[in-house]
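Please open the model in a viewer and keep the selection tool at hand.

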Amino acid sequence: MNLVLNRQQDGAGGSFWYELFPHIVFCGLADRYPDKPRLAEIMRITADRWQQVCLDLSDSNGVPDFDHLSFNFQTRQAVDNGRWREPDAAAAVAWLEYAAWNKFHDARHLAAAENCLKFLQGRNANPYYEVLLPFGALTAARLNAELGRDYDVDRLLNWCFDISDTRGGWGVTVGNWGGYDCDGLLGSIDNRGGYAFAMNTFAQAGALVPLARYDPQYARALGKWMLNLANAARLFYP
């Protein structure tokens, strides 16, 4: 399929975040191993694939609609199941396309990244489904700092810490659970009494800590969050 997916035998069309997060991790590997040309080749091929998805989902203004469950690469159409949607896929594709633009300088990748951010900017409700939205906040901050754009980083960043409108109860934990301070972890506030995920916590930290490099006004707030996160994350490893 010329995609980087969650398992070797996986197809696409089941869940955006399972299909996009592996691409983000893969691009990180490509960046760390520049002497491996095959990694860069795969990065470019997959960036082209997702850039085409942006075109296939675009309206007359060129802005893609990611308010769906996933995308079927065979039919080149969005996939829905009538139960939930994963619109923060736009944040992941923005990150992937901007990473590709920085590496290959193909204008199509930059246009795709910007159009994905325009989709997020046009939303009134918090689109956070799982793990992907923080990568859009980082991309917006980078575009503002590096290319002089004016994306609303404040709004995207607040969404990363507020309760999601897309997935009820999903957000950053605040408070004391069972006698332990659990501020700053990622998970569900109310599902079965609430729970937090290690992977989601570390993924959001990895995406947002670099944001302070591009928009220093958030450095103190991010530092305060990381202090609480590090303290609470030790509870994952009793």
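A salt bridge is a side-chain nitrogen of Lys or Arg within 4 Å of a carboxyl oxygen of Asp or Glu. The model is predicted, and a search of the whole of it finds 13 such bridges.

**Salt bridges**

Select R149 and E114 to begin. Their side chains form a salt bridge with an N to O distance of 2.8 Å. The pair links distant parts of the chain, with R149 in the loop between α5 and α6 and E114 in helix α4, 35 residues apart. R149 is partly exposed at 32% relative accessible area, whereas E114 is buried at 11%.

Next, select D106 and R44, whose side chains meet in a salt bridge at 3.5 Å, N to O. D106 lies in the loop between α3 and α4 and R44 in helix α2 (residues 37-56), so this pair ties together parts that are 62 residues apart in sequence. D106 is buried, with a relative accessible area of 13%; R44 is partly exposed at 32%.

Then move to D10 and R7, where the salt bridge has an N to O distance of 3.9 Å. Here D10 is partly exposed at 28% relative accessible area, and R7 is exposed at 56%.

**Helix α6**

Select V153, L156, L157, W159 and C160, which are buried residues of α6. Because they cover an arc of only 155° around the axis, they lie on the same side of α6. The buried residues of α6 pack against α4 (107-121), α5, β3 (170-172), α7 and α8.

Select its lining: D154, L157, N158, F161, Y218, A221, L222 and W225. The elements giving two or more residues to this lining are α6 (153-161) and α9 (219-233), and α6 supplies the largest share, 4 residues. By class, the lining comprises 6 nonpolar, 1 polar and 1 charged residue.

Finally, display the largest pocket, with a volume of about 540 Å³. Of its 24 lining residues, select the closest to the centre: G28, D31, W95, A99 and R142. Two or more lining residues come from each of α1 (16-32), α3 (89-104), α5 (133-147), α7 (198-208) and α8 (211-214). Helix α1 gives the most, with 8 residues. The lining of this pocket has 15 nonpolar, 4 polar and 5 charged residues.

Technical notes
Residues are numbered from 1 along each chain as its sequence is written. This is a predicted model: local features need pLDDT of at least 70, side-chain atom pairs count only at pLDDT 80 or more; totals for chains, interfaces and linings use all residues. Side-chain values use heavy atoms; hydrogens and water are left out. On a 1 Å grid over the protein atoms alone, a cavity is a set of points where a 1.4 Å probe fits but cannot get out, and a pocket is an open set with protein on both sides within 12 Å along at least five of seven lines; lining residues have an atom within 4 Å of a point. Grid points are joined across faces, edges and corners, and a volume is the space filled by probe spheres set on the points. Ala, Val, Leu, Ile, Met, Phe, Trp, Tyr, Cys and Pro count as nonpolar, Asp, Glu, Lys and Arg as charged, and the others, Gly among them, as polar. Buried means under 20% relative accessible area, exposed over 50%, partly exposed in between (1.4 Å probe, protein chains only). The arc is that of the directions from the helix axis to the C-beta atoms. Contact means heavy atoms within 4.5 Å.
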